[in-house]
Amino acid sequence: MGAEQKTHFRLDKSKCTKCGKCIDTCSGMVIDFGRDGYPEMKEFERFGWRGCWKCQHCLAVCPQGAISIFDKMPEDSFLPPPLEMGEYMERLTVNRRSCRRYLDKNVDPQLISRILTAMSAAPTGGNSCNVEYTVIDNKERVKEIWELAYSKMEADAKKHIYTNSFSDFYYGKMKQSEKTVRKGDLLFCGAPHLFIAHEKCAGKWAEDSKVNCNIATAYFELLANAFGLGTIIMSYPAEVLQELAPKGRELLNIPQDHYMKLIVGFGYPEIRYARGVQKDRGRKIHRYTKTTKRM
């Protein structure tokens, strides 16, 4: 099978100006000028290190919209954000907070689908795109998982049995927080929905798989906040589902050989914040600026 058949690489020569940007941004280095001076895709062995990375950079970089690949048309892509988007991103980052109180209602399924569609562009090492997303988008299903895990967690706590990172002290503080900030739920913080990024973690790329999942978690969390949802990134519930209540993990249908460290609880926030906080981490920022000494 030829390269163009594998990728459906198409070039509209009536639009192409032979600028070469597609060649200069091709991670797999499988695009080059042909005999007629127009870009073409060279033969390659297989996708990945030995060929096309499926990154679609060629489609995205072409100023004239002359390239389509994998049956994706340039006119169907989002255009780059306006310059003022930097200010909005700044506000989003500064104003996002961990939400521990939610309205008892399901989020609009179309909104969740929109966020998940955007998540397809979250970066992964080697553009592997192997991260899987498990989304519990029905609060009754979350309640089912919660009841199983919470009852086991409570029963074990009475015997002073905790997850690897907890103890009597930490569990006591979490129980105390149920009276106010966690609204009666130290496990999921009352979140009506859950998002979990997970990936098979084995072989020499195992650490990459973990990083991919953590990056996806961060992207989902910011996207959800951008659309007005409340979120909280949680590691403790993941520990409970793996160490104390594995039957709860079974309800998630996440394979045992998949990395699962972080869970994002999300939903409509009960309490909205009026402004961002003013954290100062200047002492933890190390900048090395080259200076020229005068003779």
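Q: Which residues does H57 touch, not counting residues up to four places away in sequence?
A: This is a predicted model. With residues up to four places away in sequence set aside, H57 touches T25 and S27. H57 itself is placed in helix α3, residues 57–61.

Q: Is H57 buried, partly exposed or exposed?
A: The relative accessible area decides the class: under 20% is buried and over 50% is exposed. For H57 the value is 38%, so H57 is partly exposed.

Q: What is the value of phi for Q56?
A: The general idea is that most residues other than glycine have a negative phi. Q56 is not a glycine, yet its phi is positive, near 65 degrees. Q56 belongs to the loop between β3 (39–41) and α3. Its relative accessible area is 29%, so Q56 is partly exposed.

Q: How is a helix with a buried side to be read, and which residues of α5 are buried?
A: In α5 the buried residues are L111, I112 and I115. They lie on the same side of α5 because they cover an arc of only 100 degrees around the axis. On the face turned away from that buried side are the exposed residues P109, Q110, R114 and T117.

Q: What covers the buried residues of α5?
A: The cover includes the strands β5 (132–136), β6 (193–200) and β9 (263–267), together with the helix α8.

Q: At what angle do α5 and α8 pack?
A: For a pair of helices, one reads the angle and the separation of the axes. Helix α5 (residues 109–118) packs with helix α8 (residues 206–226) at an angle of about 140 degrees, and their axes are 10 Å apart. The two helices are therefore oblique to each other. The crossing in which α5 passes α8 is right-handed. The residues that make the contact are I115, L116 and A118 on α5 and F220, L223 and A224 on α8. Sorted by class, this contact has six nonpolar residues, no polar residues and no charged residues.

Q: How far apart are the axes of α6 and α9, and what is their angle?
A: Helix α6 (residues 139–158) and helix α9 (residues 236–244) have axes 10 Å apart and pack at an angle of about 75 degrees. That angle makes α6 roughly perpendicular to α9, because 65 to 115 degrees counts as roughly perpendicular. On the α6 side the contact is made by I145, A149, K152, M153 and D156, and on the α9 side by Y236, V240, L241 and L244. By class, there are seven nonpolar, no polar and two charged residues in the contact of α6 with α9.

Q: Where does R96 lie, and which residues is it in contact with beyond its neighbours within four places in sequence?
A: R96 lies in the loop between α4 (85–95) and α5. Leaving those neighbours aside, R96 is in contact with E221, L222 and N225. Its relative accessible area of 22% is the reason why R96 is partly exposed.

Q: Is H258 buried or exposed, and what is it in contact with?
A: H258, in strand β8 (residues 258–259), has a relative accessibility of 9% and so counts as buried. Apart from neighbours within four places in sequence, H258 is in contact with E132, H198, E199, K200, C201 and R249.

Q: How may the whole chain be described?
A: The chain has ten helices and nine strands. Its C-alpha trace spans about 75 × 60 × 45 Å along the principal axes. Of its 295 residues, 37% are buried. Among contacts between residues at least 6 apart in sequence, 74% join residues at least 24 apart.

Technical notes: Residues are numbered from 1 along each chain as its sequence is written. This is a predicted model: local features need pLDDT of at least 70, side-chain atom pairs count only at pLDDT 80 or more; totals for chains, interfaces and linings use all residues. Side-chain values use heavy atoms; hydrogens and water are left out. Axes are lines fitted to C-alpha atoms, for helices over the stretch in contact, and angles run from 0 to 180 degrees between N-to-C directions. Angles under 35 degrees count as roughly parallel, over 145 as roughly antiparallel, 65 to 115 as roughly perpendicular and the rest as oblique. A crossing is left-handed if the near helix is turned anticlockwise from the far one by less than a right angle, and right-handed if clockwise. Contact means heavy atoms within 4.5 Å. Ala, Val, Leu, Ile, Met, Phe, Trp, Tyr, Cys and Pro count as nonpolar, Asp, Glu, Lys and Arg as charged, and the others, Gly among them, as polar. Buried means under 20% relative accessible area, exposed over 50%, partly exposed in between (1.4 Å probe, protein chains only). The arc is that of the directions from the helix axis to the C-beta atoms.
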